[in-house]
Amino acid sequence: MRISELNHYPLKSGRGITLQTAEITATGIPGDRVMMVTGPDGSFFTQRDLQALAQVKAAPVDASGATRLAIDGKGEIDITFDTPDRRLDVVVWKSSVSAALADDVTNATLSKWLDRDVRLVFFDARASRTATAEWAGDNSPVTFADGYQVLVTTTGSLAALNANMAANGEEPVGMDRFRPNIVIDHDEPWAEDNWAAIEIGGIRFDFVKPCARCIMTTQDQQTGSRDVPSPMSAMGRIRMSGDRRVPGPLFGWNAVPRSTGKVSLGDTVTILEERAEGWAIKRRA
């Protein structure tokens with residue numbers, strides 16, 4: 001098994017950036033989900049409720065630390081979070097975080113692009129958040145990701161999902177619908193349900209929780225449109241969780257890195273530990 005894709009998402013729910021090589025730190029890939037769009041009150045937005053976020057590109061400009069935000073046809077703006085005392089208390093699910101707040105011009109520009117009064121925040125050195133200890137263990141740091149540091153998927157599982165869609169007269173979907181950080185080239189579908197830990201480049205990744213999927217998987221990851229093929233029916237047929245702790249359709253696993261280092265496309269993936277019984281899946285008749 002080898003890594004076939006590496007991705008990170010500087011803006012939560014914004015467009016992804018493909019990588020050839022990635023550093024791995026305690027919070028995952030540096031720069032992953034370190035920016036987030038919120039309402040004036042600090043409540044976070046994702047593509048679930050603001051589909052146009054899929055159109056926003058966020059990428060480093062140069063070594064200065066500036067980031068360029070852009071939407072095709074609407075323009076671009078370079079931003080820096082160089083006033084650390086300008087802050088906003090934000091909420092990500094059940095977590096409250098003190099985040100750096102963008103300047104008024106940036107917030108006004110982004111509000112105009114998205115046709116909604118929004119704020120842009122940054123997870124800086126003064127921000128702090130940890131993953132749920134029940135799954136990740138104590139003091140496991142995370143940025144603005146939904147819950148965990150690294151999301152892992154496999155090519156075999158996507159192939160199986162698309163095969164089920166084809167058998168039911170549905171068009172296929174790409175891996176981008178699931179917004180993974182690491183994609184593993186592996187033929188056996190759903191084998192990851194049995195992996196407790198893997199090793200890549202000397203780094204241990206514990207598979208702590210399967211990823212329950214939502215309406216974002218039904219949206220085009222360039223436009224935000226939902227007028228595209230949807231994998232939800234197929235996941236409902238073959239990937240409904242049978243464990244009440246994580247309800248709903250499942251695709252991919254949340255992983256926690258237990259050391260630091262570097263991973264690259266083509267790196268070998270080794271299974272370190274397996275689960276005896278995998279994860280319970282309900283099957284439709």
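Predicted model: local features only at pLDDT ≥ 70, side-chain atom pairs only at ≥ 80, totals over all residues.
Which residues does Gly242 touch, not counting residues up to four places away in sequence? Gly242 touches Ala280, Ile281 and Lys282.

## The chain as a whole

The chain holds four helices and 19 strands. Its radius of gyration is 19 Å, close to the 19 Å that the globule rule gives for 285 residues, so the chain is as compact as a globular protein of that length. Along the principal axes, the C-alpha atoms fill a box of roughly 55 × 40 × 35 Å.

Of the 285 residues, 52% count as buried. Take the contacts between residues at least 6 apart in sequence: 69% of them join residues at least 24 apart.

## Surface and charge

The accessible surface of the chain comes to about 12700 Å². Carbon and sulfur atoms account for 48% of that surface.

The chain carries 32 positive and 37 negative charges.

## The annotated domain

UniProt, in an unreviewed entry, places the feature "domain: MOSC" at residues 118-272. Over residues 118-272 the chain is 15% helix and 30% strand. The end C-alpha atoms of this stretch are 44 Å apart.

## Two tryptophans with positive phi

Most residues other than glycine have a negative phi. Trp93 has a positive value, near 55°. Trp93 sits in the loop between strand E8 (87-92) and strand E9 (95-101). Its relative accessibility is 46%, so Trp93 counts as partly exposed.

Trp190 also has a positive phi, about 65°, although it is not a glycine. Trp190 lies in the loop between strand E12 (182-185) and strand E13 (195-200). Is Trp190 buried or exposed? Trp190 counts as buried, because its relative accessibility is 12% and the cut-off for buried is under 20%.

## Met165 in helix H3

Met165 belongs to helix H3 (residues 155-167). Its relative accessibility is 0%, so Met165 counts as buried.

Leaving out residues up to four places away in sequence, Met165 touches Glu170, Glu171, Val173, Ser230, Pro231, Ala234 and Arg237. Ser233 is 68 residues from Met165 along the chain. The C-alpha atoms of Met165 and Ser233 are separated by 8.2 Å.

## Arg213 in a loop

Arg213 lies in the loop between strand E14 (203-212) and helix H4 (232-238). Is this arginine buried or exposed? At 13% relative accessibility, Arg213 counts as buried.

Neighbours within four places in sequence are again set aside. Arg213 is then in contact with Leu151, Arg177, Phe178, Met232, Met235, Pro249, Leu250 and Phe251. Asp176 is 37 residues from Arg213 along the chain, and their C-alpha atoms are separated by 13 Å.

## Back to Gly242

Gly242 is found in the loop between strand E15 (240-241) and strand E16 (250-257). Its relative accessible area is 41%, so Gly242 is partly exposed.

Ile281 is one of the residues that Gly242 touches. Gly242 and Ile281 are 39 residues apart in sequence. In space they are 4.6 Å apart, C-alpha to C-alpha.

Conventions: Residues numbered from 1 in each chain as written. Heavy atoms only, no water. UniProt positions renumbered as here; feature names shortened; annotations may be inferred. Rg over C-alpha atoms; globule rule 2.2 N^0.38 Å. Buried < 20%, exposed > 50% of the residue type's maximum accessible area, 1.4 Å probe, protein only. Contact = heavy atoms within 4.5 Å. Areas by Shrake-Rupley, 256 points an atom, 1.4 Å probe, with all protein chains shown as cover. Lys, Arg positive; Asp, Glu negative; His and termini not counted. Charge placed at Lys NZ, Arg CZ, Asp CG, Glu CD.
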